[in-house]
Amino acid sequence: MRFIPTTLKDAVLIEAEPREDHRGWFERTFCMEEMAGAGLKTGFVQHNSSYNHAAGTLRGMHYQRAPHSEVKVITCTRGRIQDVIIDLRPDSPTYLKWEGFDLKAGDHRQLYIPEGFAHGYLTLEDATAVSYLVSAAYTPGAEGGVRWDDPAFGIDWAAEVSVISEKDAAWPDFEAA
């Protein structure tokens, strides 16, 4: 596994190193020893997945408040997404900065998202699926979010948002959160 720093402090792009032969390929998508050696948290308590019918579907921007903050490791298993994270840690040098990542099925890449980040993604193809490793159990009372189009962040989405839940459309601007 290769660990590639992003522009946001503590967020890491993970590239698997597939081994190929005449049958296809095999890759390690999680290795506690290698991830810990790279300074990443390795205690995951849930594995979630989502499926999205249409391109232009937006899910986000979500986070959980302490003490239920969570690390996520995101993989696109079918289709393609623009995965976006925002650093919401007040003591971080990249506080309130965002970065987007193009993840697609078969690219052998995952995004490691530290605690204290808001996360969301926009599907760029129909029939897209996403897999998540999560370090903390979902706690409804700790759930938070910011609006996907909040001018405080100015996220440059790769395509038009055409499908969004009422809940995600109703998240407040960051200043009001």
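Two strands pair if DSSP finds at least two bridges between them. Helices (H or I, at least four residues) and strands (E, at least two) are DSSP runs, numbered from the N terminus. The model is predicted: local features need pLDDT of at least 70, side-chain atom pairs count only at pLDDT 80 or more, and totals for chains, interfaces and linings use all residues. Residues are numbered from 1 along each chain as its sequence is written, and side-chain values use heavy atoms, with hydrogens and water left out.

**Exercise 1.** Describe the pairing of S8 with S11 and S9.

Step 1. S8 and S11 (residues 117–123) are antiparallel, with seven bridges. Aspartate 87 faces phenylalanine 117 in S11.

Step 2. S9 (residues 98–104) also runs antiparallel to S8, joined by seven bridges. Here isoleucine 86 stands opposite tryptophan 98.

Step 3. Seven of the eight residues of S8 (80–87) are buried, so the strand is largely enclosed by the rest of the structure. Buried means under 20% relative accessible area, exposed over 50%, partly exposed in between (1.4 Å probe, protein chains only).

**Exercise 2.** Classify the pair of phenylalanine 153 and phenylalanine 174.

Step 1. Rings of Phe, Tyr and Trp (its six-membered ring) pair if their centres lie within 6.5 Å; planes under 30 degrees apart count as stacked, over 60 as edge-to-face, the rest as tilted.

Step 2. Phenylalanine 174 is buried at 18% relative accessible area. Its ring centre lies 5.6 Å from that of phenylalanine 153, with planes at 65 degrees, so the pair is edge-to-face.

Step 3. Phenylalanine 153 is buried too, at 7%.
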